[in-house]
Amino acid sequence: MFHSVEVPLWALVLLILFAAVTFASHFLFPSVRWFFRRRAERLVGRLNTRLKRPIQPFKLARRMDTVNRLIHDPEVAQAIVDHAHSEGIPEAVAYETARRYAREIVPGFSALLYFGVATRLARWLSRSLYRVRVTAEAEAMAGVDPKATVVFVLNHRSNMDYVLVTWLAARQTPLAYAVGEWARRWPLSALIRAMGGYFVRRRDLNPLYRRVLARYVQIATANGVTQAIFPEGRLSRDGALHEPRLGLLSYILAGHDQEDPRDVVFVPVALNYERVLEDRVLIAADGQEAHRFRLRWWMVVRYLWRHLQLRLTGRFSRFGYAAVAFGRPLSLHRFLWQGHADPAAALGQELMSRIGDVLPVLPMALVCEALLDGARDVEVAADYLEAHVADWRTAGHVVHHATREAREVALVALRMLEVRKVLVLSGTKIVVDDVWLPLIAYYARTLPVQKPSET
């Protein structure tokens, strides 16, 4: 037994590799997981002492535990049986399909990544790109029951919405976003899951998928997970507010028990930008089907490279205002007690109406509206802006601009357009290139729908 044994080099390498894997899986990995789990628990404990809404235990559960809980839910189990019968496949195959859907949907929240990296990065990015203004946040949240499930309902202007609201809500609680299929690519998908986002398909839906998604949303809501949803379902391609799509709202309604002591409170949040990063892509996609939205990776890389060049050469200036306004919260208990023939449709319309009621008014939008009305002189644009600012304020909308003369405010907006070659300033004269009229119209439509004269 003490004789030497000759083995090929490849066999020795395999033996060492198997031994290393066995050691790591049985001794090293459990220790490492325990170390990081203990750090995460201490971090969550510290965070919960300063957050206004502590992180819910459901959000901290292991991802696979939530997946197993979801696919063994009675309603999902019945949907599996129904899917197997309708498709003529074994129930075991339908079960694996449901499990795949659950793994696709369920996030794996990381408090360390969310608060240690994401919120700090979101704060830096928001402030470096925009002059951020927030209105009525404290007033909106002051009367919300601390035990209620909060759902922030936002209009969808830009992918910056995720970044901006993640930072602004960080003082309250971490958010769970419903994210579209565009983000289901590595490594973005892993990052979004770690931040608590869950993926929602826009295509290839079937009753089984809908049931799995609905039950996840309902279970998360029942367990107090703070969520942020975009009722419009996609980015606004023409700048205006759009009719709500009722998918997620209908899921929350269907799973809500009016006798449950935990209420669901919807908080409307209106966002507006003087410069939407994707504006030209959105305008090009206007009128096309949802799946025709085209934002290629090389377009993003090219944009980032140009942005970096401007930063390094000191020629970058921020993109104007990014304004966020909080509206009147809506209690789901009280809403349902009023009685509605179609609760989901009524809820969607009411929430979009409340978003429109507080939509911020920005100088860029007013100047673009003046240009569409034929203003071709700086003084005319300034007079238009000054007259309409007072009207919008009377109508109850917040108008953001620096405490300067209307002419200076109009000039800032016009120069932002001139940098993009939308127009040319020749003294006080404004020369507009007709090719850019769709972009001017896009920003003019970011104004609230109701005109001040009609209030």
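Predicted model: local features only at pLDDT ≥ 70, side-chain atom pairs only at ≥ 80, totals over all residues.
Residues are numbered from 1 along each chain as its sequence is written. Local features need pLDDT of at least 70 and side-chain atom pairs count only at pLDDT 80 or more, while totals for chains, interfaces and linings use all residues; side-chain values use heavy atoms, with hydrogens and water left out.

Strand S7 spans residues 321-326. Helices (H or I, at least four residues) and strands (E, at least two) are DSSP runs, numbered from the N terminus. Six of the six residues of S7 are buried, where buried means under 20% relative accessible area with a 1.4 Å probe, protein chains only. In a regular strand the side chains alternate between the two faces of the sheet. In S7, Tyr321, Ala323 and Ala325 point one way. Ala322, Val324 and Phe326 point the other way.

S7 pairs with strands S1 and S6. Two strands pair if DSSP finds at least two bridges between them. Strand S1 (residues 131-135) runs parallel to S7 and is joined to it by five bridges. Val134 has Val324 as its bridge partner. Strand S6 (residues 264-273) is antiparallel to S7, also over five bridges. Here Ala270 stands opposite Ala325.

The structure holds three cavities of 30 Å³ or more. On a 1 Å grid over the protein atoms alone, a cavity is a set of points where a 1.4 Å probe fits but cannot get out, and lining residues have an atom within 4 Å of a point. Grid points are joined across faces, edges and corners, and a volume is the space filled by probe spheres set on the points.

The largest cavity has a volume of about 110 Å³. Helix H2 (57-60) and helix H3 (63-71) each give two or more residues to its lining. Among the lining residues are Phe58, Arg63 and Tyr216. The lining divides into eight nonpolar, two polar and two charged residues. Ala, Val, Leu, Ile, Met, Phe, Trp, Tyr, Cys and Pro count as nonpolar, Asp, Glu, Lys and Arg as charged, and the others, Gly among them, as polar.

The second largest cavity holds about 70 Å³. Eleven residues line it; Tyr321, Pro363, Arg404, Val409 and Val412 lie nearest its centre. Helix H18 (residues 406-419) gives the most to this lining, with four residues.

Helix H19 (residues 437-444) is largely enclosed by the rest of the structure, because six of its eight residues are buried. Its buried residues include Leu439, Tyr442 and Tyr443. The buried residues of H19 pack against S6, H18 and other elements, including strand S10 (429-432), with contact meaning heavy atoms within 4.5 Å.

Methods. Buried < 20%, exposed > 50% of the residue type's maximum accessible area, 1.4 Å probe, protein only. 1 Å grid on protein atoms, 1.4 Å probe; cavity = no way out; pocket = protein on both sides within 12 Å on 5 of 7 lines; lining within 4 Å.
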